[in-house]
Amino acid sequence: MDRRTLIQASLAASLLPAAALAQTSANMPTPETRHAAETLEAGTVSLETSKAALDKSADAMLKRFAEFEVAEQETVAKVVKAASKMPEGNAPKLGTEAQSMIDKLKAMPAGKEFDMAYFKGQMDGHTKLLNIQETYLGAGKDPTHRAIAMLAMGHIKEHLANLEAMKKTMAG
């Protein structure tokens with residue numbers, strides 16, 4: 001069983017009946033709704049910029065990273081939406097900074113400058129994703145969202161380590 005299939009099976013198995021994600025008040029999202037929204041927004045930035053990297057990256061290792069990232073972010077989005085009982089087709093609402101990052105990378109020409117900007121965006125984005133999961137685990141109680149956050153943390157840390165290793169080859 002390949003890694004992606006194992007991840008999908010593990011995440012699917014963790015989908016216990018989710019607690020109702022209703023807001024505690026009209027202006028107070030639950031830790032679960034916040035976790036889902038933040039994870040989907042950061043993941044969408046990673047997904048969309050990785051799609052651009054598939055066409056524009058000049059670095060073979062970075063392009064390979066982008067391939068895995070696209071597949072993983074598509075899977076994570078499906079799992080988070082399922083756990084949060086969101087319709088599959090709904091795109092997450094992106095903030096101005098997130099949309100700006102996507103637009104900037106999509107507008108850049110292919111080559112080394114693109115690779116460096118994509119690399120930096122992935123480092124920053126994965127750091128943000130890690131913080132989102134850690135924050136949720138400190139406050140959230142829902143078993144499904146906790147399982148998602150715990151699984152995601154391991155993969156995010158692995159991606160950060162892989163990016164650090166690529167940094168050495170990209171600089172040289």
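Predicted model: local features only at pLDDT ≥ 70, side-chain atom pairs only at ≥ 80, totals over all residues.
## Largest pocket

The largest pocket holds about 400 Å³ of space. Its lining counts 21 residues. Closest to the pocket centre are Val45, Glu97, Met101, Gly121 and Asp124.

Helix 5 contributes the most, with 9 residues. By class, the lining of the largest pocket has 7 nonpolar, 8 polar and 6 charged residues.

## Second largest pocket

About 240 Å³ of space lies in the second largest pocket. Its lining is made up of 17 residues. Thr44, Leu47, Ala77, Lys81 and Pro92 lie nearest the centre.

Helix 2 and helix 3 (60–83) each provide at least two of the lining residues. The lining of the second largest pocket divides into 6 nonpolar, 6 polar and 5 charged residues.

## Helix 2 against helix 4

Helix 2 and helix 4 pack with their axes 9 Å apart, at an angle of about 0 degrees. Angles under 35 degrees count as roughly parallel, so helix 2 and helix 4 are roughly parallel to each other.

From helix 2, the contact uses Glu41, Thr44, Val45, Glu48, Thr49, Ala52 and Lys56. Helix 4 meets them with Ala98, Met101, Ile102, Leu105, Lys106 and Ala107. The contact residues comprise 7 nonpolar, 2 polar and 4 charged.

Val45 and Met101 take part in the contact of helix 2 with helix 4, and both are among the residues closest to the centre of the largest pocket. Thr44 belongs to this contact too, and is one of the residues nearest the centre of the second largest pocket.

## Helix 3 against helix 5

The axes of helix 3 and helix 5 lie 12 Å apart, and the two helices pack at an angle of about 40 degrees. Helix 3 is therefore oblique to helix 5. Their crossing is left-handed.

On the helix 3 side, the contact residues are Leu62, Phe65, Ala66, Glu69 and Gln73. On the helix 5 side, they are Asp115, Tyr118, Phe119, Gln122, His126 and Leu129. Sorted by class, the contact of helix 3 with helix 5 has 6 nonpolar, 3 polar and 2 charged residues.

Key. Residues numbered from 1 in each chain as written. Heavy atoms only, no water. 1 Å grid on protein atoms, 1.4 Å probe; cavity = no way out; pocket = protein on both sides within 12 Å on 5 of 7 lines; lining within 4 Å. Points joined across faces, edges and corners; volume = space filled by probe spheres on them. Helix = DSSP H or I, 4+ residues; strand = E, 2+ residues; numbered from the N terminus. Nonpolar A, V, L, I, M, F, W, Y, C, P; charged D, E, K, R; others polar. Axes fitted to C-alpha atoms, helices over the stretch in contact; angles between N-to-C directions. Parallel < 35°, antiparallel > 145°, perpendicular 65-115°, else oblique. Left-handed = near helix turned anticlockwise from the far one by under 90°. Contact = heavy atoms within 4.5 Å.
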